[in-house]
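The following paragraphs walk through one protein structure, part by part. Keep the sequence and the 3D view at hand while reading.

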Amino acid sequence: MSEDLFPIPADWAAHARMNQAARAADYRRSLDDGDAYWLEQAQRLDWITPPTRASDSSFDEADFGIQWFADGTLNVSANCLDRHLAERGDITAILWEPDDPSDAPRSLTYRELHAEVCRFANVLKDAGARRGDRITIYMPMIPEAAVALLACARIGAIHSVVFGGFSPEALAGRITDCDSSIVVTADEGRRGGKRVPLKANVDAALALDHCTSVRRVLVVRATGGAVAMQPGRDSWYDEAMAGVAPDCPAEVMKAEDPLFLLYTSGSTGKPKGVCHSSGGYLLWASLTHALCFDYRPGDVWWCAADVGWVTGHSYIVYGPLANGATTLMYEGLPSWPTPSRIWEVVDRHQVHTLFTAPTVLRALMKEGDHHVAKTSRASLQLLGSVGEPINPEAWRWYHGVAGEGRCPIIDTWWQTETGHCMVTTLPAVDKMRPGSCGRPLPGVEIEVVDEDGNPVEPGTNGLLTITRPWPGMLATLYGDDERFVETYFSKFGKDRYFVGDYAQLDPDGYLWVIGRADDVVKVSGHRLSTAEVESALVSHHSVAEAAVVGQPDEDTGQAIAAFVTIEDSAADVSRTELVEDLREHVAAKIGKLARPKRIVFTYDLPKTRSGKIMRRILRNLVEDKPLGDTSTLRDPSIVEHIAKKMKES
Ligand code: WT7
């Protein structure tokens with residue numbers, strides 16, 4: 001593998017902040033003297049009461065618990081705004097690039113953002129929001145989305161952002177699970193020249209029988225499109241903002257008070273409300289933004305994610321703003337109106353660091369290099385990747401074509417649950433290896449183990465685990481401590497966090513993530529549970545049974561493949577029609593992102609004698625792998641039947 005090692009570009013090496021030896025020493029200290037190390041790191045934040053203790057966390061069976069900086073108090077929005085006002089008040093905090101390139105960009109200085117956040121915090125209070133209340137945010141990528149997050153943080157309310165691509169039904173489930181009393185949304189969103197009916201989706205969600213907790217809906221006028229407003233429940237953001245004071249004191253929050261919930265998919269059909277607390281999360285966001293991306297004042301920073309995912313929370317809003325950076329927020333799609341758009345945005349705003357996902361790179365790579373070559377990209381210094389394994393071909397393209405060999409690539413491995421980057425090479429410090437994320441960050445101790453939890457030899461595949469608590473880790477799953485323990489701390493017991501990924505460590509300690517080891521599928525980097533898609537499918541009147549697996553896909557990494565048996569009543573329905581109908585049905589239940597790419601109709605699914613569906617066989621079929629042991633199947637001939645049907649699908 002050594003021929004795959006990419007050296008650090010010379011101009012980067014020249015201004016490195018640390019070398020290999022210092023990185024290794026720092027890492028050692030973070031493990032050997034964790035408390036002192038993290039109390040020192042904690043000084044990056046502006047505490048109201050500085051903590052005197054770092055970790056009261058333990059992965060030991062006897063005193064298991066997660067608590068960071070327990071006696072410290074702070075306010076996250078004050079850390080992202082107020083503390084910058086004296087020296088950086090007139091620096092641009094948010095630079096906003098609209099979907100349509102002929103529309104004007106917007107920008108807000110730290111002073112302007114502070115005033116906007118204070119006002120909106122007062123609007124929320126007027127709407128009855130109190131400390132600890134859950135507020136659902138269903139927004140397009142406009143600066144008001146960041147304002148809403150920070151305003152919640154200011155008053156100690158817990159935000160739950162739901163990605164604007166989720167359907168009304170999925171939105172309703174997430175509102176109800178955390179008993180949200182307020183929804184913040186916009187009339188419509190814009191993406192790739194199309195409008196997304198956000199307010200209409202909220203109305204549809206709130207019209208569902210089981211969705212009864214919401215009292216107020218605050219609506220940003222983003223496009224001016226016509227929407228229905230329900231008197232007493234719905235208010236316009238701009239009208240509400242005009243009637244409140246421009247200052248709002250920041251609530252004093254304990255480090256362990258929850259900052260936000262973010263629903264993500266797990267092995268079961270019900271999304272999990274991953275809960276992050278204030279102090280450890282913000283520290284880790286700020287530290288990783290500075291360390292992994294080598295952020296320096298003046299750099300224009302662009303995380304091209306959506307605020308609906310954890311990447312947007314940590315690297316559009318909290319990390320960069322805690323560091324006083326200029327963060328670019330882009331409303332649209334990377335390849336609209338042309339495949340040059342992403343690079344045109346880089347040039348227009350003189351972006352220094354771009355952080356995006358492999359799925360975007362694969363799509364752009366396919367369009368041809370001339371779309372890249374006609375842009376300058378001279379401002380680019382660093383390129384980041386996140387969300388799924390990056391195939392070496394896409395890595396080399398990113399490095400050689402997009403970055404012209406000048407820019408280090410960092411491939412950051414992490415999860416919604418970890419809060420922020422956990423494993424990556426550091427620019428100017430570590431050599432890079434296309435396809436490998438690199439080494440763990442300070443405080444992160446990982447092990448690849450076999451099914452019994454025994455560490456495997458380097459170069460051997462196994463299950464990735466994390467063996468000690470880290471400051472940005474999730475505190476629990478909202479309202480379900482039991483499921484939290486069951487999901488992450490039951491496979492191997494309490495002494496290691498179960499990640500859910502297959503991976504291997506190479507002899508140099510570099511991590512190679514292979515993919516998910518559970519029933520989670522990553523489609524274009526979006527995390528979906530096969531169980532969620534299965535229950536959407538079986539809720540269709542024509543479907544008797546469904547089994548869903550991830551199928552390798554050269555564009556989206558993985559795609560949804562569904563195996564479906566149909567009710568007798570649907571025997572006469574045309575299969576082509578049914579395929580379209582089922583895809584739309586899943587879109588309505590979850591969102592377009594969950595639509596199966598392939599639907600295979602079969603008379604039965606591969607089942608054991610006790611009736612359990614053997615998804616492993618379906619996975620092997622879609623991956624074109626040897627089927628393995630099929631002797632436990634009730635009807636072994638079903639495999640051949642399905643293989644035949646797959647050829648026809
Ligand atoms: C899963 C987490 C990371 C924030 C956004 C996605 C996969 C993530 C990488 C990477 C290989 C990766 C893992 C992980 N993943 N980053 N650099 N290389 N795989 O967060 O939706 O919670 O998904 O994404 O499988 O477990 P998420």
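**Sheets, ligand and single residues**

In this predicted model, four strands make up an open sheet: 4 strands in the order β21-β22-β24-β25, paired antiparallel. At the edges stand β21 (446-449) and β25, and each has a single partner strand, so one side of each is left without a neighbour in the sheet. Direction ignored, neighbouring strands of this sheet are turned by 45° against each other on average.

As background, the strands of a sheet pair through backbone hydrogen bonds, and they do so either parallel or antiparallel.

Another open sheet has 8 strands, in the order β10-β9-β6-β4-β5-β12-β13-β23, and its pairing is mixed. Which strands form its edges? They are β10 (234-236) and β23 (476-477), each of which pairs on one side only. A parallel pair is formed by strand β4 (residues 134-138) and strand β5 (residues 158-161), with 4 bridges between them. Here Ile135 of the pair stands opposite His159 in β5.

A hairpin can be looked at next. Strand β26 (residues 520-523) and strand β27 (residues 526-529) pair in the antiparallel sense over 4 bridges. Val521 stands opposite Leu528 in β27. The hairpin of β26 and β27 has 2 residues between the strands, and Ser524 takes a positive phi near 50° there.

The next topic is the ligand. How many residues surround the ligand? There are 18, and the closest are Asp411, Thr412, Thr416, Lys522 and Arg527. The residues of this shell divide into 7 nonpolar, 5 polar and 6 charged. Polar atoms of the protein lie beside the ligand at several places. A polar side-chain atom of Asp411 is 2.7 Å from a nitrogen atom of the ligand. For Gln415, a polar side-chain atom lies 3.1 Å from an oxygen atom of the ligand. Pro389 takes part through its backbone: a polar backbone atom of Pro389 is 3.4 Å from a nitrogen atom of the ligand. On its own the ligand has 550 Å² of accessible area, and the protein covers 96% of that. Two or more residues of the shell around the ligand come from each of the elements α12 (310-322), β18 (409-412) and β25 (511-516).

A cis peptide bond, with omega about 0°, joins Trp336 and Pro337. Pro337 is found in the loop between β15 (326-330) and α13 (341-349).

Asp179 has a positive phi of about 55°, although it is not a glycine. Asp179 sits in the loop between α8 (168-177) and β6 (182-186). Is Asp179 buried, exposed or partly exposed? The relative accessibility of Asp179 is 48%, so Asp179 counts as partly exposed; the range for this class lies between 20% and 50%.

Ala428 also is not a glycine, and has a positive phi of about 70°. The loop that holds Ala428 runs between β19 (423-424) and β20 (439-440). Ala428 has a relative accessibility of 10% and therefore counts as buried, since buried means under 20%.

Ser379 is found in the loop between α15 (370-373) and β17 (382-386). Ser379 counts as buried because its relative accessibility is 13%. Along the chain, Ser379 and Arg348 are 31 residues apart, and their C-alpha atoms are separated by 9.9 Å.

Asn201 lies in helix α9 (residues 198-206). With a relative accessible area of 14%, Asn201 is buried. The C-alpha atoms of Asn201 and Asp187 are separated by 9.8 Å, and these residues are 14 apart along the chain.

How values were computed:
Residues are numbered from 1 along each chain as its sequence is written. This is a predicted model: local features need pLDDT of at least 70, side-chain atom pairs count only at pLDDT 80 or more; totals for chains, interfaces and linings use all residues. Side-chain values use heavy atoms; hydrogens and water are left out. A residue is near a molecule or strand if one of its heavy atoms lies within 4 Å of it. A polar contact is a pair of N or O atoms within 3.5 Å; within protein, one must be able to donate a hydrogen and the other to accept it, and residues adjacent in sequence count only if both atoms are side-chain atoms. Accessible areas come from the Shrake-Rupley method with a 1.4 Å probe; for residues, only the protein chains shown count as cover. Ala, Val, Leu, Ile, Met, Phe, Trp, Tyr, Cys and Pro count as nonpolar, Asp, Glu, Lys and Arg as charged, and the others, Gly among them, as polar. Two strands pair if DSSP finds at least two bridges between them. Axes are lines fitted to C-alpha atoms, for helices over the stretch in contact, and angles run from 0 to 180 degrees between N-to-C directions. Buried means under 20% relative accessible area, exposed over 50%, partly exposed in between (1.4 Å probe, protein chains only).
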